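Dear colleague,

Please find below the structure that I am handing over to you.

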Amino acid sequence: MRLFWKDQFPLVLFFTVQMLLVPFVYWLTGEGRPVRVVLYGVLLSGSVLAVYLGFRYATHRAMYKELAAEEPSGEFLNPPLGEAPLPEALHGRIGHYERLYREQLHRQQSRTEQHLTFVNRWVHQMKTPLSVIQLTLSEVEDEPAESIREELDRIRKGLDMVLYTARLEHFEQDFAVQAIGLRAAASEAVAENRTLFIRKGITPKFDIGSEVRVYTDAKWFRFMLGQILTNAVNYSGGPGKAVHLAAEDAGEYIKLHICDEGIGIAPEDMGRVFHPYFTGERGRQYRESTGMGLYLVREIAGKLGHEVELESAPGEGTTISLTLRKAHANEGTS
(Lines give C-alpha, C1' and ligand atoms only; values in the text may rest on other atoms or scores of the structure.)
Protein backbone atom coordinates (compact mmCIF):
# COMPACT_ATOMS: atom_id res chain seq x y z
CA MET A 1 0.00 0.00 0.00
CA ARG A 2 2.86 2.37 0.85
CA LEU A 3 4.46 1.82 -2.57
CA PHE A 4 1.11 2.57 -4.23
CA TRP A 5 0.81 5.93 -2.47
CA LYS A 6 4.43 6.77 -3.30
CA ASP A 7 3.69 6.07 -6.94
CA GLN A 8 0.44 8.10 -7.00
CA PHE A 9 1.61 11.00 -4.85
CA PRO A 10 2.56 13.24 -7.85
CA LEU A 11 -0.88 12.67 -9.39
CA VAL A 12 -2.69 13.51 -6.14
CA LEU A 13 -0.51 16.59 -5.66
CA PHE A 14 -1.10 18.01 -9.15
CA PHE A 15 -4.81 17.16 -9.03
CA THR A 16 -5.12 19.04 -5.71
CA VAL A 17 -3.30 22.05 -7.16
CA GLN A 18 -5.64 22.00 -10.16
CA MET A 19 -8.74 21.91 -7.96
CA LEU A 20 -7.50 24.92 -5.97
CA LEU A 21 -6.38 26.75 -9.08
CA VAL A 22 -9.90 27.02 -10.62
CA PRO A 23 -11.56 28.93 -7.73
CA PHE A 24 -8.39 30.99 -7.40
CA VAL A 25 -8.71 32.12 -11.03
CA TYR A 26 -12.38 32.98 -10.43
CA TRP A 27 -11.35 35.08 -7.47
CA LEU A 28 -8.66 36.92 -9.47
CA THR A 29 -11.07 37.76 -12.31
CA GLY A 30 -13.72 39.00 -9.90
CA GLU A 31 -16.20 36.43 -11.13
CA GLY A 32 -17.15 35.19 -7.72
CA ARG A 33 -18.96 31.90 -7.29
CA PRO A 34 -20.98 30.83 -4.29
CA VAL A 35 -18.86 28.91 -1.80
CA ARG A 36 -21.39 26.08 -1.92
CA VAL A 37 -20.86 25.70 -5.66
CA VAL A 38 -17.06 25.74 -5.29
CA LEU A 39 -17.15 23.12 -2.55
CA TYR A 40 -19.49 21.00 -4.65
CA GLY A 41 -17.07 21.15 -7.56
CA VAL A 42 -14.12 20.24 -5.30
CA LEU A 43 -16.07 17.34 -3.77
CA LEU A 44 -17.09 16.06 -7.20
CA SER A 45 -13.52 16.26 -8.50
CA GLY A 46 -12.22 14.55 -5.34
CA SER A 47 -14.76 11.76 -5.79
CA VAL A 48 -13.60 11.19 -9.36
CA LEU A 49 -9.98 11.04 -8.14
CA ALA A 50 -10.90 8.60 -5.36
CA VAL A 51 -12.71 6.32 -7.82
CA TYR A 52 -9.69 6.39 -10.14
CA LEU A 53 -7.25 5.61 -7.33
CA GLY A 54 -9.44 2.75 -6.14
CA PHE A 55 -9.64 1.31 -9.64
CA ARG A 56 -5.89 1.77 -10.12
CA TYR A 57 -5.06 -0.02 -6.89
CA ALA A 58 -7.48 -2.87 -7.61
CA THR A 59 -6.02 -3.52 -11.07
CA HIS A 60 -2.36 -3.11 -9.99
CA ARG A 61 -2.55 -4.56 -6.48
CA ALA A 62 -0.63 -7.75 -7.30
CA MET A 63 2.16 -5.76 -8.92
CA TYR A 64 2.56 -3.37 -5.99
CA LYS A 65 2.42 -6.25 -3.51
CA GLU A 66 5.13 -8.20 -5.33
CA LEU A 67 7.39 -5.15 -5.75
CA ALA A 68 7.01 -4.15 -2.10
CA ALA A 69 7.73 -7.63 -0.72
CA GLU A 70 11.02 -7.90 1.17
CA GLU A 71 11.56 -11.42 -0.14
CA PRO A 72 10.48 -12.68 -3.58
CA SER A 73 7.57 -15.10 -3.62
CA GLY A 74 9.87 -17.88 -4.85
CA GLU A 75 13.25 -18.53 -6.39
CA PHE A 76 13.29 -17.70 -10.11
CA LEU A 77 9.50 -17.29 -10.09
CA ASN A 78 7.66 -14.68 -12.11
CA PRO A 79 4.09 -14.66 -10.75
CA PRO A 80 1.27 -12.92 -12.65
CA LEU A 81 1.08 -9.24 -11.72
CA GLY A 82 -2.37 -8.43 -13.01
CA GLU A 83 -4.25 -8.01 -16.28
CA ALA A 84 -3.76 -4.26 -16.67
CA PRO A 85 -1.38 -3.15 -19.47
CA LEU A 86 1.48 -2.10 -17.17
CA PRO A 87 1.56 -5.27 -14.98
CA GLU A 88 1.25 -7.44 -18.09
CA ALA A 89 4.12 -5.61 -19.79
CA LEU A 90 6.25 -5.84 -16.65
CA HIS A 91 5.46 -9.55 -16.30
CA GLY A 92 6.46 -10.15 -19.90
CA ARG A 93 9.73 -8.22 -19.56
CA ILE A 94 10.69 -10.07 -16.36
CA GLY A 95 9.88 -13.36 -18.10
CA HIS A 96 12.16 -12.37 -20.97
CA TYR A 97 15.03 -11.55 -18.59
CA GLU A 98 14.38 -14.79 -16.70
CA ARG A 99 14.72 -16.83 -19.89
CA LEU A 100 17.96 -15.04 -20.76
CA TYR A 101 19.25 -15.68 -17.25
CA ARG A 102 18.41 -19.37 -17.38
CA GLU A 103 20.11 -19.74 -20.75
CA GLN A 104 23.26 -18.02 -19.48
CA LEU A 105 23.18 -20.11 -16.31
CA HIS A 106 22.86 -23.31 -18.34
CA ARG A 107 25.77 -22.30 -20.57
CA GLN A 108 27.90 -21.47 -17.54
CA GLN A 109 27.06 -24.79 -15.88
CA SER A 110 27.97 -26.63 -19.07
CA ARG A 111 31.31 -24.82 -19.25
CA THR A 112 31.97 -25.62 -15.59
CA GLU A 113 31.18 -29.30 -16.16
CA GLN A 114 33.46 -29.40 -19.19
CA HIS A 115 36.24 -27.68 -17.24
CA LEU A 116 35.89 -30.12 -14.34
CA THR A 117 35.98 -33.10 -16.72
CA PHE A 118 39.08 -31.69 -18.41
CA VAL A 119 40.84 -31.11 -15.07
CA ASN A 120 40.04 -34.62 -13.85
CA ARG A 121 41.32 -36.23 -17.04
CA TRP A 122 44.39 -34.03 -17.17
CA VAL A 123 45.37 -34.78 -13.57
CA HIS A 124 44.96 -38.52 -14.07
CA GLN A 125 46.95 -38.37 -17.30
CA MET A 126 49.76 -36.49 -15.54
CA LYS A 127 49.86 -39.04 -12.72
CA THR A 128 50.66 -41.85 -15.15
CA PRO A 129 54.07 -40.49 -16.28
CA LEU A 130 54.81 -39.51 -12.66
CA SER A 131 54.30 -43.12 -11.60
CA VAL A 132 56.58 -44.31 -14.41
CA ILE A 133 59.30 -41.85 -13.40
CA GLN A 134 59.02 -42.85 -9.74
CA LEU A 135 59.25 -46.52 -10.68
CA THR A 136 62.33 -45.81 -12.78
CA LEU A 137 63.96 -43.83 -9.98
CA SER A 138 63.39 -46.66 -7.51
CA GLU A 139 66.30 -48.45 -9.18
CA VAL A 140 68.61 -45.43 -8.90
CA GLU A 141 70.37 -44.59 -5.64
CA ASP A 142 72.28 -41.33 -6.03
CA GLU A 143 71.87 -37.73 -4.94
CA PRO A 144 70.36 -36.34 -8.18
CA ALA A 145 67.73 -39.09 -8.08
CA GLU A 146 66.75 -38.10 -4.56
CA SER A 147 66.27 -34.49 -5.65
CA ILE A 148 64.09 -35.65 -8.52
CA ARG A 149 62.00 -37.71 -6.07
CA GLU A 150 61.45 -34.62 -3.95
CA GLU A 151 60.26 -32.62 -6.94
CA LEU A 152 58.02 -35.46 -8.06
CA ASP A 153 56.47 -35.53 -4.62
CA ARG A 154 55.74 -31.80 -4.87
CA ILE A 155 54.20 -32.28 -8.32
CA ARG A 156 52.04 -35.15 -7.06
CA LYS A 157 50.74 -33.06 -4.16
CA GLY A 158 50.11 -30.13 -6.47
CA LEU A 159 48.08 -32.33 -8.80
CA ASP A 160 46.08 -33.66 -5.86
CA MET A 161 45.34 -30.12 -4.74
CA VAL A 162 44.15 -29.18 -8.25
CA LEU A 163 41.95 -32.28 -8.39
CA TYR A 164 40.36 -31.80 -4.98
CA THR A 165 39.86 -28.07 -5.53
CA ALA A 166 37.99 -28.80 -8.76
CA ARG A 167 35.89 -31.52 -7.13
CA LEU A 168 34.94 -29.20 -4.28
CA GLU A 169 32.38 -27.52 -6.54
CA HIS A 170 30.51 -30.83 -6.80
CA PHE A 171 31.26 -32.09 -3.32
CA GLU A 172 27.74 -33.45 -2.77
CA GLN A 173 28.26 -35.95 -5.60
CA ASP A 174 31.60 -37.24 -4.34
CA PHE A 175 31.43 -38.07 -0.65
CA ALA A 176 30.15 -40.84 1.61
CA VAL A 177 30.14 -40.43 5.39
CA GLN A 178 30.86 -43.57 7.39
CA ALA A 179 32.43 -44.60 10.69
CA ILE A 180 36.20 -44.99 10.40
CA GLY A 181 39.06 -45.66 12.79
CA LEU A 182 40.75 -42.35 13.58
CA ARG A 183 44.15 -43.89 14.35
CA ALA A 184 44.16 -45.81 11.07
CA ALA A 185 43.15 -42.73 9.04
CA ALA A 186 45.82 -40.59 10.72
CA SER A 187 48.47 -43.27 10.14
CA GLU A 188 47.54 -43.48 6.45
CA ALA A 189 47.82 -39.69 6.09
CA VAL A 190 51.27 -39.75 7.73
CA ALA A 191 52.33 -42.68 5.53
CA GLU A 192 51.32 -40.77 2.40
CA ASN A 193 53.63 -37.95 3.52
CA ARG A 194 56.46 -40.11 4.90
CA THR A 195 58.90 -38.80 2.28
CA LEU A 196 58.28 -35.26 3.47
CA PHE A 197 58.71 -36.28 7.13
CA ILE A 198 62.00 -38.05 6.35
CA ARG A 199 63.33 -35.21 4.20
CA LYS A 200 62.60 -32.60 6.85
CA GLY A 201 63.74 -34.78 9.77
CA ILE A 202 60.38 -34.55 11.55
CA THR A 203 58.97 -37.33 13.74
CA PRO A 204 55.22 -38.03 13.92
CA LYS A 205 53.93 -38.92 17.39
CA PHE A 206 50.50 -40.45 18.00
CA ASP A 207 48.28 -40.31 21.04
CA ILE A 208 45.16 -41.82 19.48
CA GLY A 209 43.58 -44.98 20.78
CA SER A 210 42.92 -47.72 18.24
CA GLU A 211 39.30 -47.89 19.44
CA VAL A 212 38.52 -44.25 18.61
CA ARG A 213 36.10 -44.02 15.68
CA VAL A 214 34.52 -41.01 14.03
CA TYR A 215 32.04 -40.20 11.29
CA THR A 216 33.59 -38.67 8.17
CA ASP A 217 34.42 -39.33 4.54
CA ALA A 218 37.67 -41.30 4.52
CA LYS A 219 39.03 -39.87 1.25
CA TRP A 220 38.32 -36.22 1.97
CA PHE A 221 39.44 -36.61 5.60
CA ARG A 222 42.82 -38.02 4.55
CA PHE A 223 43.24 -35.13 2.14
CA MET A 224 42.50 -32.64 4.95
CA LEU A 225 45.00 -34.35 7.23
CA GLY A 226 47.54 -34.32 4.41
CA GLN A 227 47.23 -30.55 4.02
CA ILE A 228 47.53 -29.98 7.77
CA LEU A 229 50.50 -32.32 8.10
CA THR A 230 52.26 -30.74 5.13
CA ASN A 231 51.97 -27.32 6.77
CA ALA A 232 53.06 -28.70 10.13
CA VAL A 233 56.19 -30.28 8.66
CA ASN A 234 57.12 -27.41 6.35
CA TYR A 235 56.83 -24.85 9.14
CA SER A 236 58.56 -26.92 11.83
CA GLY A 237 61.65 -24.78 11.51
CA GLY A 238 64.23 -27.55 11.19
CA PRO A 239 65.04 -31.22 11.80
CA GLY A 240 64.70 -32.87 15.18
CA LYS A 241 61.18 -31.57 15.83
CA ALA A 242 57.97 -33.59 16.14
CA VAL A 243 54.36 -33.36 14.96
CA HIS A 244 51.89 -34.59 17.57
CA LEU A 245 48.52 -36.13 16.69
CA ALA A 246 46.26 -36.56 19.73
CA ALA A 247 42.60 -37.43 20.19
CA GLU A 248 40.48 -35.84 22.93
CA ASP A 249 37.14 -37.24 24.01
CA ALA A 250 34.55 -34.44 24.08
CA GLY A 251 31.34 -36.31 24.86
CA GLU A 252 29.51 -36.96 21.61
CA TYR A 253 32.50 -35.64 19.68
CA ILE A 254 36.19 -36.37 19.23
CA LYS A 255 38.71 -33.57 18.89
CA LEU A 256 41.78 -34.38 16.84
CA HIS A 257 44.68 -32.05 17.66
CA ILE A 258 47.60 -31.75 15.25
CA CYS A 259 50.40 -29.84 16.96
CA ASP A 260 53.78 -28.87 15.54
CA GLU A 261 56.83 -27.39 17.25
CA GLY A 262 57.52 -24.88 14.53
CA ILE A 263 57.74 -21.16 13.91
CA GLY A 264 54.08 -20.37 14.59
CA ILE A 265 51.87 -17.77 12.95
CA ALA A 266 52.20 -14.02 13.33
CA PRO A 267 49.29 -12.43 15.27
CA GLU A 268 48.41 -10.14 12.37
CA ASP A 269 47.99 -13.17 10.09
CA MET A 270 45.75 -15.22 12.38
CA GLY A 271 42.50 -13.82 10.97
CA ARG A 272 43.43 -14.54 7.36
CA VAL A 273 45.12 -17.95 7.36
CA PHE A 274 41.94 -19.62 6.09
CA HIS A 275 41.60 -17.23 3.15
CA PRO A 276 42.44 -18.63 -0.30
CA TYR A 277 45.96 -17.90 -1.61
CA PHE A 278 46.99 -16.19 1.61
CA THR A 279 50.56 -17.14 2.57
CA GLY A 280 51.32 -14.55 5.22
CA GLU A 281 54.65 -13.43 6.59
CA ARG A 282 55.80 -16.97 7.42
CA GLY A 283 54.54 -18.49 4.20
CA ARG A 284 56.60 -16.14 2.05
CA GLN A 285 59.73 -17.58 3.64
CA TYR A 286 58.94 -21.06 2.25
CA ARG A 287 58.60 -21.78 -1.46
CA GLU A 288 56.24 -24.71 -0.77
CA SER A 289 53.53 -22.37 0.47
CA THR A 290 50.52 -22.01 -1.85
CA GLY A 291 48.05 -20.38 0.52
CA MET A 292 45.40 -22.97 -0.39
CA GLY A 293 45.95 -25.73 2.18
CA LEU A 294 44.07 -24.32 5.17
CA TYR A 295 41.44 -22.80 2.91
CA LEU A 296 40.63 -26.24 1.51
CA VAL A 297 40.68 -27.73 5.01
CA ARG A 298 38.07 -25.24 6.20
CA GLU A 299 35.87 -25.68 3.11
CA ILE A 300 35.94 -29.47 3.25
CA ALA A 301 35.42 -29.54 7.02
CA GLY A 302 32.40 -27.28 6.69
CA LYS A 303 30.85 -29.53 4.05
CA LEU A 304 31.47 -32.60 6.22
CA GLY A 305 30.02 -30.94 9.31
CA HIS A 306 33.36 -30.76 11.14
CA GLU A 307 34.69 -27.77 13.07
CA VAL A 308 38.20 -26.38 12.60
CA GLU A 309 40.05 -24.40 15.25
CA LEU A 310 43.53 -22.94 15.13
CA GLU A 311 45.83 -21.76 17.90
CA SER A 312 49.31 -20.42 17.35
CA ALA A 313 51.98 -18.14 18.73
CA PRO A 314 55.26 -17.07 17.08
CA GLY A 315 58.05 -19.43 18.07
CA GLU A 316 55.72 -21.79 19.97
CA GLY A 317 54.19 -23.80 17.14
CA THR A 318 50.67 -24.21 15.81
CA THR A 319 47.78 -26.43 16.85
CA ILE A 320 44.91 -27.23 14.50
CA SER A 321 41.93 -29.03 16.02
CA LEU A 322 39.26 -30.91 14.09
CA THR A 323 36.00 -31.69 15.88
CA LEU A 324 34.32 -34.83 14.53
CA ARG A 325 31.21 -36.70 15.61
CA LYS A 326 32.06 -39.82 17.59
CA ALA A 327 31.07 -43.24 16.25
CA HIS A 328 30.44 -46.14 18.59
CA ALA A 329 32.22 -49.44 18.15
CA ASN A 330 29.18 -51.24 16.71
CA GLU A 331 28.38 -48.57 14.09
CA GLY A 332 29.62 -48.40 10.51
CA THR A 333 32.72 -49.92 8.96
CA SER A 334 36.32 -48.80 8.89
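In this predicted model, the axes of helix α7 (residues 218–234) and helix α9 (residues 293–304) come within 9 Å and cross at roughly 150 degrees. Axes here are lines fitted to C-alpha atoms, for helices over the stretch in contact, and angles run from 0 to 180 degrees between N-to-C directions. Helices (H or I, at least four residues) and strands (E, at least two) are DSSP runs, numbered from the N terminus. The angle makes α7 roughly antiparallel to α9; angles under 35 degrees count as roughly parallel, over 145 as roughly antiparallel, 65 to 115 as roughly perpendicular and the rest as oblique. Residues W220, F223, M224, Q227, I228 and N231 of α7 meet G293, L294, L296, V297, I300, A301 and L304 of α9, where contact means heavy atoms within 4.5 Å. Ala, Val, Leu, Ile, Met, Phe, Trp, Tyr, Cys and Pro count as nonpolar, Asp, Glu, Lys and Arg as charged, and the others, Gly among them, as polar.

On the conventions, residues are numbered from 1 along each chain as its sequence is written. Local features need pLDDT of at least 70 and side-chain atom pairs count only at pLDDT 80 or more, while totals for chains, interfaces and linings use all residues; side-chain values use heavy atoms, with hydrogens and water left out.

Two further helix pairs deserve a description. The axes of α3 (residues 85–137) and α4 (residues 143–167) come within 10 Å and cross at roughly 160 degrees, which makes α3 roughly antiparallel to α4. By class, the contact of α3 with α4 has 16 nonpolar, three polar and five charged residues. Helix α2 (residues 35–68) also meets α3, with axes that come within 9 Å and cross at roughly 30 degrees; α2 and α3 are therefore roughly parallel to each other. Their contact joins R56, T59, H60, M63 and L67 of α2 to L86, P87 and L90 of α3.

As for the chain as a whole, it has nine helices and seven strands. Its radius of gyration is 35 Å, well over the 20 Å that the globule rule gives for 334 residues, so the chain is more spread out than a compact globule. The radius is taken over C-alpha atoms, and the globule rule is 2.2 Å times the number of residues to the power 0.38. Along its principal axes, the C-alpha trace spans about 115 × 45 × 40 Å.

Yours sincerely
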